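Visitor: I've got a model open and would like a quick tour. Could you walk me through it, one question at a time?

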Amino acid sequence: MSKFTNKIDFEVLVMVKNANPNGDPLNGNRPRETYDGFGEISDVCIKRKIRNRLQDMGENIFVQSDDRAVDECKSLSERAKSNALMQKAIKDKDKDAYAKAACETWIDVRSFGQVFAFKDDSVSVGVRGPVSVHSAFSVLPVNIDSMQITKSVNSETAKDGKKSSDTMGMKHKIFSALYVIKGSINHQLAEKTGFGDEDAEKIKEALRTLFVNDSSSARPDGSMEVCKVYWWKHNCPMGQYSSAKVHRLIKIEAKVDDPKEFEDYDVKVDFLPDLEMEEMEGI
């Protein structure tokens with residue numbers, strides 16, 4: 001596997017239309033929003049989608065969704081125990097060998113890191129990954145539409161044979177909003193996990209195709225769209241500019257009072273000397 005050369009920063013512009021991009025289970029599954037009313041998508045949610053895309057691309061994933069599991073393991077503990085090299089490292093009480101085996105086996109471990117702390121194991125190992133992803137926030141405050149829904153089909157047969165009462169519920173969506181995802185890839189941590197340039201290219205492709213095979217009743221096909229991906233590669237391992245300075249290169253303003261399409265936003269990109277940028281369309 002190729003080594004990771006220089007630091008990378010990235011930014012993804014996501015258009016949401018008539019969808020719930022990330023429901024909050026503590027708030028009736030309403031779309032997440034800040035106290036200021038801006039929409040939010042958690043970093044955990046974004047990394048879940050990246051993992052799913054990497055898995056669709058044929059990569060080995062440690063933290064698999066139950067509906068996407070490709071092995072017979074019923075938990076993370078079982079998946080870790082299925083790795084012979086990791087089990088040997090436990091017997092030898094070699095934490096470095098344990099972490100190395102995990103990173104070599106699963107791309108999400110060497111990308112995002114992972115805590116291996118299972119009650120049946122004698123070792124507890126933490127891996128710090130080089131790929132960091134911020135929570136995504138909308139450019140403007142969001143308006144959340146809510147509708148009441150009814151389940152009118154019996155879940156169970158009543159003792160008296162009669163139809164059970166209807167169950168009422170709520171469904172929420174955002175009519176239209178532009179979200180911004182920011183992230184970076186750290187060279188120092190990439191060296192420790194074995195993350196290479198080939199892995200970075202796979203992360204880039206996962207971001208470009210983030211919502212492929214991600215449809216649901218809350219996110220119908222076409223309701224979540226990656227509009228732009230900006231990918232900056234520095235000219236040295238540590239990076240000649242801070243990630244904060246790089247992410248400020250993208251400036252977004254609404255052209256109209258009530259933007260509904262991506263074209264209703266004005267996206268300006270500034271440039272810094274000796275900083276290579278790749279701009280891509282989403283899919």
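Visitor: Which side chain of opposite charge is nearest to Asp9, and how far away is it?

Guide: First, the ground rules: this is a predicted model, so local features need pLDDT of at least 70 and side-chain atom pairs count only at pLDDT 80 or more, while totals for chains, interfaces and linings use all residues. Residues are numbered from 1 along each chain as its sequence is written, and side-chain values use heavy atoms, with hydrogens and water left out. Asp9 is buried yet has no salt bridge; buried means under 20% relative accessible area, exposed over 50%, partly exposed in between (1.4 Å probe, protein chains only), and a salt bridge is a side-chain nitrogen of Lys or Arg within 4 Å of a carboxyl oxygen of Asp or Glu. With Lys and Arg counted as positive, Asp and Glu as negative, and His and the chain ends not counted, the nearest side chain of opposite charge is Lys7, 4.1 Å away.

Visitor: Which side chain does Asp9 make a polar contact with?

Guide: Asp9 is found in strand E1, residues 8-19; helices (H or I, at least four residues) and strands (E, at least two) are DSSP runs, numbered from the N terminus. Not counting residues up to four places away in sequence, Asp9 touches a set of residues including Tyr230, Trp232, Ser243 and His247, where contact means heavy atoms within 4.5 Å. A polar contact is a pair of N or O atoms within 3.5 Å; within protein, one must be able to donate a hydrogen and the other to accept it, and residues adjacent in sequence count only if both atoms are side-chain atoms. For the Asp9 side chain, the partner at 2.7 Å is the side chain of Ser243.

Visitor: Is His247 buried or exposed, and what is its relative accessible area?

Guide: His247 is found in helix H8, residues 243-247. Its contacts beyond four places in sequence include Asp9, Phe10, Glu11 and Trp232. His247 is buried, with a relative accessible area of 5%.

Visitor: Which backbone oxygens does the side chain of His247 reach?

Guide: A polar atom of the His247 side chain lies 3.3 Å from the backbone oxygen of Phe10. The His247 side chain also reaches a backbone oxygen at 3.2 Å, that of Gly183. That makes the answer Phe10 and Gly183.

Visitor: How are H3 and H4 oriented to each other?

Guide: The axes of helix H3 (residues 84-92) and helix H4 (residues 95-105) come within 8 Å and cross at roughly 170 degrees. Axes are lines fitted to C-alpha atoms, for helices over the stretch in contact, and angles run from 0 to 180 degrees between N-to-C directions. Under 35 degrees counts as roughly parallel, over 145 as roughly antiparallel, 65 to 115 as roughly perpendicular and the rest as oblique. H3 and H4 are therefore roughly antiparallel.

Visitor: Which residues make that contact between H3 and H4?

Guide: On the H4 side, the contact uses Ala97, Tyr98, Ala101 and Ala102. Among these, Tyr98, Ala101 and Ala102 are buried. On the H3 side, the residues are Leu85, Met86, Ala89 and Ile90.

Visitor: How do H1 and H7 compare in orientation?

Guide: The axes of helix H1 (residues 43-56) and helix H7 (residues 197-208) come within 9 Å and cross at roughly 110 degrees. The contact is made by Ile50, Arg53 and Leu54 of H1 and Lys202, Ile203, Ala206 and Leu207 of H7. H1 and H7 are therefore roughly perpendicular.

Visitor: Which side chain does Glu278 make a polar contact with?

Guide: Glu278 sits in strand E14, residues 276-281, and counts as partly exposed at 32% relative accessibility. Glu278 and Phe10 are 268 residues apart along the chain, with their C-alpha atoms separated by 9.4 Å. The polar contact of the Glu278 side chain, at 2.8 Å, is with the side chain of Lys204.

Visitor: What is phi of Asn18?

Guide: Asn18 is in strand E1 and counts as partly exposed at 35% relative accessibility. Asn18 is not a glycine, yet phi is positive, at about 55 degrees.

Visitor: What share of the protein's residues count as buried?

Guide: The secondary structure comes to eight helices and 14 strands. Of the 283 residues, the share that count as buried is 46%.
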